[in-house]
Amino acid sequence: TSRDDTEIIISPGYHHLRERHLDPGTLSELGATPDVFITRPGGPGGLLQKLLDTSNTTTNRMGRPAPPIQRKETEGQFLDAIMSTLRRSGHVLIPTDASGRILELLLLLSAHWSRHRLATAYKLAWIAPLASTTLRFAKCQLEWMGEQLGEQFDSQRGHPLKLGNVMVCGSTREFVERVEGLGCPVCVLASGDCLDAGPSRDLLLRYAENPDNAVLLTDYLCAGMRSGVH
């Protein structure tokens with residue numbers, strides 16, 4: 001807050017819903033109507049406006065009903081798209097960041113693989129140069145993550161980030177040798193969310209010519225991303 005009592009909130013990344021690895025955000029407790037709110041693109045009337053209006057409640061600040069955010073429906077569509085590709089013997093490429101949203105995606109997909117016993121028929125992999133380091137560090141940060149993860153660890157049901165279904169690879173070459181060499185359809189999360197470099201770019205070039213394969217984007221499009229990527 002400046003000397004003239006102007007309220008400014010700077011939050012480059014923000015998500016207000018409860019997730020598997022994080023508790024819900026608390027922007028509403030800081031003030032849902034700041035004079036200036038600096039964050040990543042969303043725009044009035046888009047995700048940013050919904051965040052400021054609803055603050056994860058059933059009414060907006062004008063007292064009008066707010067449309068519910070159907071997380072289960074969205075995740076169901078995401079998983080259906082993955083499974084339909086794998087069942088036609090295609091590969092699924094999911095470009096991701098290196099250490100943020102990747103944890104939520106890994107928890108979602110690993111649980112789905114366990115629940116439906118998919119590990120024999122389809123492989124689940126994660127490629128990032130520092131994947132092992134990221135996962136090792138995340139395992140030590142449970143006190144800063146969602147309450148349900150801590151409860152799982154305390155109940156001695158195993159570490160929630162053990163992720164036994166995920167084949168972790170440090171490079172595209174390792175992935176090709178360890179995972180693709182098995183001859184099974186693969187769902188792979190690869191670092192490089194803009195598809196402009198790194199493992200995600202390598203796999204895009206490998207998979208793009210086969211119409212049975214799919215690329216699923218789970219986050220904002222990066223500035224300058226090719227419009228032909230679907």
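Val92, Ile94 and Thr96 point one way from strand β3, Leu93 and Pro95 point the other way, and all of them are buried. Buried here means under 20% relative accessible area, with exposed over 50% and partly exposed in between, using a 1.4 Å probe and protein chains only. In a regular strand the side chains alternate between the two faces of the sheet. Strand β3 covers residues 92–96, and because 5 of its 5 residues are buried, β3 is largely enclosed by the rest of the structure.

Before going on, the conventions. This is a predicted model, in which local features need pLDDT of at least 70 and side-chain atom pairs count only at pLDDT 80 or more, while totals for chains, interfaces and linings use all residues. Residues are numbered from 1 along each chain as its sequence is written, and side-chain values use heavy atoms, with hydrogens and water left out. Helices (H or I, at least four residues) and strands (E, at least two) are DSSP runs, numbered from the N terminus.

What does β3 pair with? Strand β6, residues 186–191, pairs with β3 in the parallel sense over 5 bridges. Pairing requires that DSSP finds at least two bridges between the strands. Within β6, Ala190 stands opposite Pro95. Strand β7, residues 214–215, is also parallel to β3, over 2 bridges, and Val215 of β7 is the bridge partner of Leu93.

Now the whole sheet. It is open, has 5 strands in the order β5-β4-β6-β3-β7, and its pairing is parallel. β5 (166–169) and β7 are at the edges with a single partner strand each, so one side of each has no neighbour in the sheet. β4 and β6 run parallel and are joined by 5 bridges; Ile127 stands opposite Ala190 of β6.

Next, the packing. Nonpolar core is used here for a set of buried Ala, Val, Leu, Ile, Met, Phe, Trp, Tyr and Cys residues joined through side-chain atoms within 4.5 Å. The largest such core has 27 residues, and Phe78, Ile82, Ile94, Leu109, Trp113, Trp126 and Leu189 touch the most other members. Two or more residues each come from α3 (71–87), β3, α4 (102–116), β4 (123–127), α5 (131–139) and β6. Helix α4 gives the largest share, 8 residues. A second, separate core has 15 residues, including Leu93, Ala125, Val186 and Leu195. In soluble globular proteins, nonpolar side chains tend to be buried together.

Which residues does Leu189 touch? Contact means heavy atoms within 4.5 Å. Leaving aside neighbours within four places in sequence, the contacts of Leu189 include Ile94, Leu105, Leu106, Leu109, Leu124 and Trp126. Leu106 is in helix α4 and is buried, at a relative accessible area of 1%. Not counting residues up to four places away in sequence, Leu106 touches Trp126, Leu163, Val166 and Leu189. Leu106 and Val166 are 60 residues apart in sequence, and their C-alpha atoms are 7.8 Å apart. Leu135, in helix α5, counts as buried at 9% relative accessibility.

His91 is in the loop between α3 and β3. A polar atom of the His91 side chain lies 3.1 Å from the backbone nitrogen of Val186. Among the residues His91 touches, beyond four places in sequence, are Thr85, Tyr207 and Asp212. Thr85 is in helix α3 and counts as buried at 2% relative accessibility. Beyond four places in sequence, Thr85 touches Gly90, His91, Val92, Asp212, Asn213 and Ala214.

Finally, the totals. The protein has 8 helices and 7 strands, and buried residues make up 40% of its 230 residues. Among contacts between residues at least 6 apart in sequence, 70% join residues at least 24 apart.

How far does the confidence go? pLDDT is the predictor's confidence in each residue, from 0 to 100. Its mean over the protein is 75, and 58% of the residues reach 70 or more. Over residues 43–66 pLDDT stays under 50, and the model has 39 contacts beyond four places in sequence for that stretch. Where pLDDT is low, the predicted coordinates should not be read in detail.

Key
A polar contact is a pair of N or O atoms within 3.5 Å; within protein, one must be able to donate a hydrogen and the other to accept it, and residues adjacent in sequence count only if both atoms are side-chain atoms.
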